[in-house]
Amino acid sequence: MDKIFQDDSEAVHPSRPARANPEPSADEARHAPAVFILNARLEFCGFNAAFHRTFGNLCGRAPLLHEPVSVLPFHATNLAGDEQTIESLCRNALDGSLLRAQGMLRLAEGDVRCCLEFIAAYDPCGNPATLVVTMLDIAARDNAAPLAGVRDAGGASWEKPGHDPGGISAQEFQTTFNLAAVGIAHVGLDGQWLRVNRQMCDMLGYTREELLASTFRAVSYGEDLDKDDALLQEALDGKRSAYTVEKRYVRKDGSLTWAHLAVSLLRDQAGHPKYFISVVSDLNAQKKAAAELEQSRARMKAIFDSLNEAVFVFEANGRLVDATPTGLKMFGYRDLKEVIASLGRITSVFDAYTLDGRALPPDEWPVFRVLRGETITNVELELRRRDNGRRWFASFSGSHTAVLHEAAQLCVLTVRNVTKRHFAETALRVSEQRFRTAFDNIPDVVAIYDSEFRIRYVNHALTRLTQRPASSYIGRRDSDIAAPGLVALWRPLLHMARTTSSVQTSDLEYPSAKGTRYVIATSVPLLNASGAVEEVMCIFHDFTERKLAEDKARQAALHDPLTNLPNRALLFEYAPHVLGGARRMHESVAFMFVDLDRFKPINDIHGHETGDEVLRQVAQRFADNVREEDMVFRLGGDEFLILLPRIKDVSVASELALHILEMLHRPYQVGHLELTLSGSLGISLYPSDGREIDALINHADAAMYHAKQLGRNGYQFYSPEMSEQTEGQSVIEQQLRQAIAHNEFRLFYQPVVDVLSGDVMSVEALIRWPGKSAGPSRFVPIAEASGLIGPVGEWVFSEACRQYLRWKRNGLPVVPIAVNVSSVQFKRKGLVDYLVRMLAAHGLTSAAIQVELTETALMDDIEHAVRVLGALKELGIRISLDDFGTGYSSLSYLSRLPLDKIKIDQAFVQRIETDTAGRAITDAIIALGRTLGLEIVAEGIESEAVLTYLRKQGCHQAQGFHVCNPLSGDEFAAWYQDHLQRRAGPASSEDAS
């Protein structure tokens with residue numbers, strides 16, 4: 001726009017010639033609003049005479065085309081109190097985020113409050129093109145006269161001015177409507193067109209009269225109406241003042257046209273809806289351009305996918321965008337997703353080497369260099385894929401590429417497979433001295449043949465290996481040479497490579513003076529320019545040391561390091577072959593499970609070094625006393641299994657079992673010690689006791705436990721009855737899993753009281769399984785054996801903490817809760833850390849929880865017990881030794897343990913009234929505990945007489961049915977409150993008297 005419009009009646013948009021309009025009256029011209037038009041750079045490109053006068057009053061001069069809008073002294077303040085200039089307001093209006101603004105025109109004689117209304121127009125691509133701004137005067141400060149050329153809006157409303165749409169002048173209509181290059185219309189609340197400009201008529205193909213006789217719904221595409229109507233209703237309901245939407249209109253000729261619709265609701269001074277102002281921009285060109293762009297992308301994609309080079313496209317941040325099928329195939333991927341999934345571990349999938357064989361560090365790989373912004377050209381490398389060993393040579397080029405209409409850049413990496421060219425060039429250069437030197441000094445054996453199988457080159461590695469000079473090979477066919485075994489080995493690969501023109505590789509063995517050697521032989525055809533095989537290069541890579549190391553590692557993986565016996569892994573690898581042979585020959589196989597009796601005390605008393613030596617001697621005795629075809633396995637700890645093939649009669653297994661029992665019972669000499677052991681054996685037979693290895697091992701294990709139950713130092717054959725107990729355990733194990741998942745367990749609480757004062761000192765948490773016949777003595781050992789004691793124990797700790805908090809919230813005096821820890825839980829690492837996390841998670845101190853452990857849990861590993869209990873004591877957690885007197889602890893061990901309490905097992909307490917031995921043991925335990933400075937708790941008290949006896953003997957605390965039965969959390973709270981009231985009763989009476 002480069003024309004200044006001086007006519008008060010209209011400001012004609014420069015992109016279209018002015019239409020003839022009725023001559024305005026003098027009054028209309030005098031009250032016409034000030035209107036100006038800005039381009040996308042916010043420069044004046046048009047204005048009417050009213051604005052010309054207004055600007056003169058404001059700035060003392062005439063406005064100039066291409067002058068920035070910032071010369072207009074208008075300022076507004078947003079809700080946050082920040083001042084905004086006319087320039088920032090206009091930019092928001094161009095973005096579509098502002099329709100009107102209220103602010104101040106700063107004049108020499110005082111500020112004038114003014115309202116600006118914005119109408120933005122867009123080009124066919126949806127980019128801002130022009131902005132039409134109408135200035136409406138609201139009020140003048142200090143009773144100043146309204147500013148000339150700025151029409152009074154009648155009030156300080158932020159909404160559009162409340163004037164009668166029917167009373168607008170023709171000149172106003174021309175000024176507001178015809179300056180815009182977009183369709184503009186006023187629409188009644190019922191959807192009736194009230195006014196339309198020429199652009200709206202041209203866009204829809206209707207005359208002005210035809211549109212004014214219709215509604216916007218009549219020319220809207222049906223599928224787009226619901227969204228339009230919903231937004232319109234939200235505006236009427238006051239939920240929004242304006243909205244924008246993309247929709248389709250139906251032109252008069254029936255064709256559809258896409259448009260961007262911006263709608264704002266005009267309200268009167270009372271705030272009632274008056275009519276809608278619609279600004280409609282034609283989007284057909286934009287939609288067509290988008291469709292053409294999509295077609296162009298599809299064509300480019302087809303071209304991209306047809307490239308015979310590997311091309312990878314990345315975003316600058318390293319995200320893979322696309323790759324050609326050639327690229328996927330070259331690097332061994334099935335699809336793009338597989339490439340993307342492996343990018344994070346690409347350095348563990350591939351190896352890259354320079355052409356001189358140097359391993360290339362990942363940060364020098366072409367893909368990472370390009371992503372860093374470098375431009376690379378024809379960087380050639382040797383690549384190897386680790387999972388399949390495939391090698392090839394590739395040339396890399398890549399750079400950053402700008403994308404049209406986008407700020408972001410893409411990284412494009414192209415890769416060409418140059419393996420054939422590389423080998424051809426190698427063949428041409430192989431006669432040159434520097435390459436001869438390289439071949440001569442590599443450790444791998446290399447020989448090059450021509451197409452007639454004459455030897456053209458051998459390197460020093462071959463001459464050293466065969467002890468022959470190079471001259472005995474050069475120019476001769478290997479068939480003419482009394483070739484050593486090594487050269488003869490690669491002959492089939494040589495001919496195959498020559499015939500197929502493809503690389504041939506094979507793993508080979510050959511004898512040498514130092515024993516069998518293991519090599520990888522590779523024959524590589526070297527092609528000429530026409531693609532024919534000109535030479536074949538044979539390479540021998542000796543990997544004997546690596547194979548021996550792998551065999552050694554396999555030996556270590558399949559054998560027990562202490563006894564060198566085969567382990568469980570080798571058992572499951574070897575047994576299927578034995579069973580398969582027995583099945584074919586209709587023979588039996590015996591699985592003999594051996595467990596050493598009372599081996600653990602040897603470790604505990606004499607140390608693990610002594611125990612290890614005993615196990616080594618046991619293993620040697622097995623090796624010396626089984627049949628040649630038998631195999632002995634160490635399963636772990638003191639458990640062994642003997643696999644006996646070709647058992648034609650069970651008496652063979654019985655005789656061997658008796659022999660092994662006698663052999664195990666002979667004394668063991670370890671240093672100055674002479675130790676004795678016995679064994680318990682269980683035998684299962686294939687196929688009568690099972691056909692699967694697991695079942696046969698488990699059945700032999702069950703028979704072994706049966707032998708232990710019968711008194712140890714014996715053997716038993718498996719019978720189905722032995723599995724009944726095991727099957728019952730399996731049922732309970734399955735039920736335990738369901739109970740954990742469905743939260744079926746409950747905790748009951750039994751108080752421990754002071755025998756003198758009756759004060760509740762603590763409560764013991766006892767796990768119960770409502771609705772099940774299995775009690776804790778039954779299901780807890782099964783949980784330990786099946787590995788379920790972990791989640792069960794964690795639930796017990798957590799529930800005890802939750803119950804402590806519930807009692808505390810309900811005003812109950814705090815009382816610590818003692819939780820039983822099984823031997824399995826205690827042996828696991830991390831018990832102390834777990835308790836710390838559990839207390840912290842519930843916001844409790846260490847005084848809230850106490851720990852109870854059995855003698856068995858502590859005495860299995862006394863050093864471990866001392867460390868763990870010491871750590872618990874440092875945290876302030878009190879520790880009780882439960883069921884004292886039933887284990888095998890010694891006084892020396894007991895004195896080392898940092899305990900707070902010992903609990904006399906109820907088996908002794910309940911015999912006090914009837915058995916002098918029970919009383920004697922109880923008295924001894926009390927005396928021992930008092931000597932060690934420990935609190936003594938008696939369990940299982942069921943009568944007042946027993947309680948009185950224990951009190952006289954100096955026992956500190958009591959627990960049992962006589963004191964209180966185990967109660968639920970709520971029941972215990974009620975009992976405790978009643979207990980406190982009963983104890984406070986006499987004192988209260990005395991106080992009252």
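Predicted model: local features only at pLDDT ≥ 70, side-chain atom pairs only at ≥ 80, totals over all residues.

Mentor: Start with a pair of strands. Strand β5 (residues 100-107) and β6 pair in the antiparallel sense, over 8 bridges. Residues are numbered from 1 along each chain as its sequence is written, and side-chain values use heavy atoms, with hydrogens and water left out.

Trainee: What makes β5 and β6 a pair?

Mentor: Two strands pair if DSSP finds at least two bridges between them. β5 and β6 have 8 bridges, so they pair by that rule. L105 stands opposite V112 in β6. In general, strands of a sheet pair through backbone hydrogen bonds, either parallel or antiparallel.

Trainee: What counts as a strand or a helix?

Mentor: Both are DSSP runs, numbered from the N terminus: helices are H or I with at least four residues, strands are E with at least two. The chain has 34 helices and 39 strands.

Trainee: Why is strand β6 called largely enclosed?

Mentor: Buried means under 20% relative accessible area, exposed over 50%, partly exposed in between (1.4 Å probe, protein chains only). In β6 (residues 110-122), 10 of the 13 residues are buried, so the strand is largely enclosed by the rest of the structure. Across the chain, buried residues make up 46% of the 993 residues.

Trainee: Why does W795 count as buried?

Mentor: Its relative accessible area is 16%, so W795 is buried by the under 20% rule. W795 lies in helix α25 (residues 789-809).

Trainee: Which residues does W795 touch, leaving aside its neighbours within four places in sequence?

Mentor: Contact means heavy atoms within 4.5 Å. W795 is in contact with N743, F745, R746, L747, I767 and R802, those neighbours aside. The C-alpha atoms of W795 and R746 are separated by 9.8 Å, and the two residues are 49 apart along the chain.

Trainee: Why is S684 called buried?

Mentor: S684 has 0% relative accessibility, so it counts as buried. It lies in strand β30 (residues 678-686).

Trainee: How do you know that the buried residues of helix α33 line one face?

Mentor: In α33 (residues 944-953), V946, L947 and L950 are buried. Seen down the axis, the buried residues fall within an arc of 100 degrees, so they line one face of the helix. The arc is that of the directions from the helix axis to the C-beta atoms. These residues pack against α31 (906-909), α32 (916-931), β38 (935-938) and β39 (957-958).

Trainee: What makes β38 and β39 a pair?

Mentor: They have 2 bridges, in the parallel sense. At least two are needed, so they pair. V937 has Q957 in β39 as its bridge partner. Both strands belong to a barrel, closed by 8 strands in the order β32-β33-β34-β35-β36-β37-β38-β39, with mixed pairing.

Trainee: How many disulfides are there?

Mentor: The count is 0. A disulfide is a pair of cysteine sulfur atoms within 2.5 Å.
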